[in-house]
Amino acid sequence: MYLPLVATSLSLLRLVRAGQHPLYFDFQENVCSVTEQSFFPTLRVPRIEEEHKHLGSCSHHEPAQAQVPESPYAPWTHKKQCLEDDENYQEYCVYTNANFANSRGISFFTTRSITKQVESLPAFVGQGVHDNTNKFDDPPWELPNATREIILRTAANNQGDPIMERINTNAFIGEFEGAPHFLFYPETALMNHDCRPNSMHYHDPSTLIHATYASRAISPGEEITITYINILQTHSERQFHLKKVWGFDCTCSLCSSNPGEISTSDSRVREILQMQTHLADWNPNSLGTPRMARQLLALYEAEEVHAAMGKGHMLAALAYNAVGDTYKAKKHAKSAIEAGMVSSGEEDADLRDMTTLKENPEGHWSFMARAPK
């Protein structure tokens, strides 16, 4: 079975506060087998170091290539290439637009029905959608050479096809046009992992921009880090997933702490997860209260889960509104919006919900939804 792929190098770095809604993902080996030369017929590639040594985001490349002439396959610039999935009687094809986003290029490995939906996205029909994205000079398939080089800088943690193993190792998995897809944004993938990262990221399915936001103040010279996993896990759970998928033992400051500090952190994580469950429970016997919401925010601070503050303030806003305290509900709703509840762009449902609560708490669905406890 083939898993569809969105392969692009479009990235947007905005150092503003953000919320915690990363795309958590899984990987499958050997989605399909294609030789490296078939992906890069014109590019001579030196031997790739297979160790997982990220070099940081890219900023220096060769001059941009000229755009590909008008194509008979518009909006695509190359003839599609297809594979059959005999098990599900489905055809998956590669669709490429080498002119996409200031000649960065984008490729999709997906079904024709999904491609038809893609062609009507603002990313293709909107004017100026990518004007503020990073404008790099010119991965696989027919993408520009400089973009391919960035993809080849990413690590492949398993032997096999050099391109597909890089996708397996570095791509994010997310919902796209109603189906799960690999989302391969190499600039983001080149960022190093930290169990307490200083930035978070999201994928906007309408503009196809993968944006990275600061979750706290970042000092000059400090490395920008992301998390590869769900950060609200215990030390042993985090180490297990990182070793299994990415092949390394995490040595971030949290994982390098002494056993006592790690045990304390694990206890806080378990308490955070329990409180989040209670505060999200809207049954009549829910244990969620404003006091619990305040405790949750304090635990986020103690655990330095800065990217979760948006979610924490959202739960606090709902908890206060549920007992009729509209002043504090509006205050926390405003804080949730300012903290940046980043998930899938500006149209995220939680963001819309908090905006509605801030403007009209009495008309919000949560108003007086819980009896005071």
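Which residues of the largest nonpolar core touch the most other members? They are L279, L296, Y300, M354 and L357, out of 26 residues in that core. By nonpolar core I mean buried Ala, Val, Leu, Ile, Met, Phe, Trp, Tyr and Cys residues joined through side-chain atoms within 4.5 Å. Two or more residues each come from helix 9 (259-279), helix 10, helix 11 (309-322), helix 12 and helix 13 (349-359). Helix 11 gives the largest share, 8 residues. There is also a second, separate core of 18 residues, including C93, F124, F176 and L183.

A word on the source. This is a predicted model: local features need pLDDT of at least 70, side-chain atom pairs count only at pLDDT 80 or more, and totals for chains, interfaces and linings use all residues. Residues are numbered from 1 along each chain as its sequence is written, and side-chain values use heavy atoms, with hydrogens and water left out.

Now the whole chain. It has 13 helices and 9 strands; these are DSSP runs numbered from the N terminus, helices being H or I of at least four residues and strands E of at least two. Of its 373 residues, 52% are buried. Buried means under 20% relative accessible area, exposed over 50%, and partly exposed in between, with a 1.4 Å probe and protein chains only.

Last, helix 12 again. K331 lies in that helix. Is K331 buried or exposed? K331 is exposed, because its relative accessible area is 52%.
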